[in-house]
Amino acid sequence: MKQFATLIIGTSTLLLSVTAPVVQAQAQTPAYRLIERDMAANNRIQVQITPGRATPISFTQTDEAIAYILVADPSRLVYTTDTDLKSGRATTIFLRAIQPLKFPGATTTAITNLLVQTVDKTGQKRLYNFDIVPVRRNTGYVGIQIANAFVVTLQGSKLRAASATGEGIASGTAPRRKAASESIAIAGQQTLLIDKNRRARVDDIETGLRIAINRGYTNKSDPVVPKVQQILSLLRNSRVTIPEAATSVGVPVEVISELGRIALNDRLLRLGQQR
């Protein structure tokens, strides 16, 4: 267990020393859920809102401006934008939950949808459909950022990834050609070989991170924590392998392996206690 703590400390020091300018520039939004533009436009994206808190949906990382907004059921939700829609410069929507209102003849639903139409600098329009999910607890992110995609080269192959830190999603990419010994990465089902007979799943990595924080091996303020969370999101929403996701975010795969090992060992311990 101490090995993980040492590894995390060393990794954090390395990340801070090598990428300090990047970390400082992006520290404002470490908890944003980042979604690649094509994925967002072609799928229904869930947005959780919490009473008493504003949740932004931002297009600032694209060249799009918000042209039109429609809330299907406005009885429980209000929104504002960072500037008037008529100006053609609005890029962010701020959502807030309200006490239910009654509109004569209107229908209501627990989970409504928000339609957002944007237009980019070339005049191309895109329509985004967001499912608005009310929750009582604080969400794992402060808002949604829609981002362009960029191409990074990993061991001679190309991988599309979101263009900034946060929860990146790659979509619409053709499957990469892989060696026969390498299985195709299915989003959310990737595994990592921990030792001769054990493989860690994506859920195991998340569990290992939670255990590491709870046991004090690392803390939530450690720069490596949001990076691991970014890896988890990338794995669940993209067809990439665990080593590829770790490399694209800049986290040594050994850190991910140790998180998986922590979760697997904890599971074995609990199984032993139940017998």
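**Salt bridges, sheets and core of the predicted model**

Glutamate 206 is partly exposed, with a relative accessible area of 33%; in this scheme buried means under 20% relative accessible area, exposed means over 50%, and partly exposed lies in between (1.4 Å probe, protein chains only). The structure is a predicted model, in which local features require pLDDT of at least 70 and side-chain atom pairs count only at pLDDT 80 or more, whereas totals for chains, interfaces and linings use all residues. Residues are numbered from 1 along each chain as its sequence is written, and side-chain values use heavy atoms, with hydrogens and water left out.

The side chain of glutamate 206 forms a salt bridge with that of arginine 236, at 2.8 Å from N to O. This pair links distant parts of the chain, as glutamate 206 lies in helix H3 and arginine 236 in helix H4, 30 residues apart. A salt bridge is here a side-chain nitrogen of Lys or Arg within 4 Å of a carboxyl oxygen of Asp or Glu, and helices (H or I, at least four residues) and strands (E, at least two) are DSSP runs numbered from the N terminus. Arginine 236 also meets aspartate 203 in a salt bridge, with an N to O distance of 2.9 Å. Aspartate 203 belongs to helix H3 (residues 202-214) and arginine 236 to helix H4 (residues 224-237), so this pair ties together parts that are 33 residues apart in sequence. Aspartate 203 is partly exposed, its relative accessible area being 42%, and arginine 236 counts as partly exposed at 31%.

In total, the structure holds 13 salt bridges. Arg37, Asp63, Glu64, Asp120 and Arg126 are linked by salt bridges into a network. A further salt bridge joins aspartate 195 to arginine 198, where the closest N and O atoms are 2.9 Å apart. Aspartate 195 counts as partly exposed because its relative accessibility is 30%.

Strand E12 (residues 191-195) and strand E13 (residues 198-201) run antiparallel and are joined by four bridges; two strands are taken to pair if DSSP finds at least two bridges between them. Threonine 191 has arginine 201 in E13 as its bridge partner. E12 and E13 form a hairpin, with two residues between them.

Five strands make up an open sheet with mixed pairing, in the order E1-E9-E3-E6-E5. Its edge strands, each pairing on one side only, are strand E1 (33-36) and strand E5 (77-81). On average, neighbouring strands of this sheet are turned by 20 degrees against each other, direction ignored; the axes are lines fitted to C-alpha atoms, for helices over the stretch in contact, and angles run from 0 to 180 degrees between N-to-C directions. Within the sheet order E1-E9-E3-E6-E5, strand E3 (residues 54-61) and strand E6 (residues 92-97) run antiparallel and are joined by five bridges. Threonine 55 stands opposite leucine 95 in E6.

Tyrosine 128 and phenylalanine 130 form a stacked pair, with 6.3 Å between centres and 15 degrees between planes. Rings of Phe, Tyr and Trp (its six-membered ring) pair if their centres lie within 6.5 Å; planes under 30 degrees apart count as stacked, over 60 as edge-to-face and the rest as tilted. Tyrosine 128 and phenylalanine 130 are both buried. Phe59, Tyr128 and Phe130 form one aromatic cluster.

The largest nonpolar core has 28 residues, and those with the most contacts inside it are Ile205, Val228, Ile231, Leu235, Val251 and Ile256. At least two residues of this core come from each of E12, H3, H4, H5 and helix H6 (253-274), and H4 gives the most, with seven residues. A nonpolar core is defined as a set of buried Ala, Val, Leu, Ile, Met, Phe, Trp, Tyr and Cys residues joined through side-chain atoms within 4.5 Å. In helix H5 (residues 242-249), the buried residues are Ile242, Glu244, Ala245, Ala246 and Val249.

Asparagine 237 is located in helix H4 and counts as partly exposed at 24% relative accessibility. The side chain of asparagine 237 reaches the backbone oxygen of serine 233 at 2.8 Å. The C-alpha atoms of asparagine 237 and isoleucine 35 are separated by 9.4 Å, although these residues are 202 residues apart along the chain.

Conventions. A polar contact is a pair of N or O atoms within 3.5 Å; within protein, one must be able to donate a hydrogen and the other to accept it, and residues adjacent in sequence count only if both atoms are side-chain atoms.
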